[in-house]
Amino acid sequence: MEQTYYLIIVGALVGEYLLSSVSSVLNMNSITESVPDGFQNHYDEEKYAKSQMYLKTNTQFGLFTGTFSLIVMLIVIHTGVFGFLDEFVRTKTSHPILSGLLFFGIIFFINDLINLPFSIYGTFVIEENYGFNKTTPKTFITDKLKGYGLTIIFGSLILGGILYFFNAYGENGWWIAWLLMTSFMIAVQPLFVHVIAPMFNKFEPLEEGDLRTAIESFAKKVKFPIGRIDKMDGSRRSSHSNAYFSGFGKSRRIALFDTLLENHSTEEIVSVVAHEVGHYKKKHIITGTIIGIIETGIMLYVFNLFMNESALFSVFGVTEISVYAGLVFFGMLYAPVSLVLSMFTTALSRKNEFEADAYSLETTGNKKALINMLKGLAANNLSHLTPHWLIVFLSYSHPPVLDRIAAVNKS
């Protein structure tokens, strides 16, 4: 049985790496020499060539980091690093929850430390070279420290609860832990709006004027009570543009990046707000939360079945069975299932984006503004206009912009 687990885990790691690498290379080679029809006003030849170089640079960097990660993971598996780590943790404490949190904490910080040079390079070299980076070293460091703080607080609460329920209630632990995770997934929306997001960005109410009046008029027209319409200092870290909707009830927030406000007209911004409202009206947010809850429940239930499989622990050189190590190892065993589920969720996400675009067009009646917004966002972010179908199928949560525009034009 140990050999079977080994083959599944290593096969999943290598298979996912090959699939990702092949799709990335195909995507990099799917560039076109000329600017696609309709984008000539947004891309001149120089800017279009720049977007293709941006794609190549990120793809090559991704291939390098992916190869590095695979090699590190295979070394970890074949040298029994997890076994040494488990023995170290057990010498520090015999408490199952404290030892579990220490085990997870060490893995997290070592992994983050290994990936830190890549994060620095991506931000301060690649994004800088293409004119996107606005992050200062101070902001980068403070973001890291804040991220560590949130990880320690929420990680301890969630993982501590999961470890407690599995250790205390055995076979019934999975559904109690599921209730904990469900509660967190629901609570995280208002937490994100009121606590987490303001830790990283400054949010100010959108000032009175034509844009705010237009957004409020649209919201009233479609009977959508917006709790807050905020301008977010996205330019503090990047010149990329975006907007998003978050929260439930009175915590509903439409957040508009300041870079978005600088580059688009009132009609175009209203169209993107309508798109975000469309996600709510079409119940995409609730559906996504429900799917996430169901997936979590399935994963915890299946983990409950494999929790005491000594052969699974042996693959990683661990001699003593524990819930905390089992969670890590099962996550790798579950990888093929996660890959298939991710294909389903990304396909659903792409479908939802089409529906949100259709809602925006239906409620604003301004096809030109919506299309100009889509083109403008693509151009400002140097998006790849002609991605390969395989990478779209595997990982695109949004449809390619040309497909979105074609769907809008057909409406």
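I110 has its place in helix α4, and that's a handy spot to start looking around. Keep in mind that this is a predicted model.

**The surface patch**
- I110 teams up with F64, F68 and I114 in a nonpolar patch on the surface, and together the four have about 350 Å² of accessible area.
- How accessible is I110 itself? Its relative accessibility is 47%, so I110 counts as partly exposed.

**A look at S23**
- S23 sits in helix α1, which covers residues 2-28.
- Is S23 buried or exposed? S23 is buried, because its relative accessible area is 2% and the cut-off for buried is under 20%.
- The S23 side chain reaches the backbone oxygen of L19, at 3.0 Å.
- If you set aside neighbours within four places in sequence, S23 is in contact with L390, I391 and L394.

**Paired strands**
- Strands β1 (residues 203-205) and β2 (residues 228-232) run antiparallel and are joined by three bridges.
- Across that pairing, F203 stands opposite M232 of β2.
- β2 also pairs with strand β4 (residues 253-257), this time running parallel, through five bridges.
- Which residue of β4 is the bridge partner of R228? That would be R253.

**Salt bridges**
- The count of salt bridges comes to eleven.
- K202 and E204 make one of them, with their side chains meeting at 3.2 Å, N to O; E204 is partly exposed, with a relative accessible area of 31%.
- D86 and R90 form another, at 3.0 Å from N to O.
- Both D86 and R90 lie in helix α3 (residues 81-92), four residues apart, or about one turn of the helix.
- D86 counts as buried at 3% relative accessibility, whereas R90 is partly exposed at 30%.
- K351 and E355 also meet in a salt bridge, at 2.6 Å, N to O.
- K351 and E355 are four residues apart in helix α13 (residues 335-364), so about one helical turn separates them.
- K351 is partly exposed, with a relative accessible area of 43%, and E355 counts as partly exposed too, at 25%.
- Elsewhere, salt bridges that share partners tie D86, R90 and E320 into one network.

Conventions:
Residues numbered from 1 in each chain as written. Predicted model: local features only at pLDDT ≥ 70, side-chain atom pairs only at ≥ 80, totals over all residues. Heavy atoms only, no water. Patch = residues over 30% accessible without salt bridge, like charges linked within 9 Å, V, L, I, M, F, W, Y side chains within 5 Å. Areas by Shrake-Rupley, 256 points an atom, 1.4 Å probe, with all protein chains shown as cover. Helix = DSSP H or I, 4+ residues; strand = E, 2+ residues; numbered from the N terminus. Buried < 20%, exposed > 50% of the residue type's maximum accessible area, 1.4 Å probe, protein only. Polar contact = N/O pair within 3.5 Å; in protein donor to acceptor, adjacent residues only side chain to side chain. Contact = heavy atoms within 4.5 Å. Pairing = 2+ DSSP bridges.
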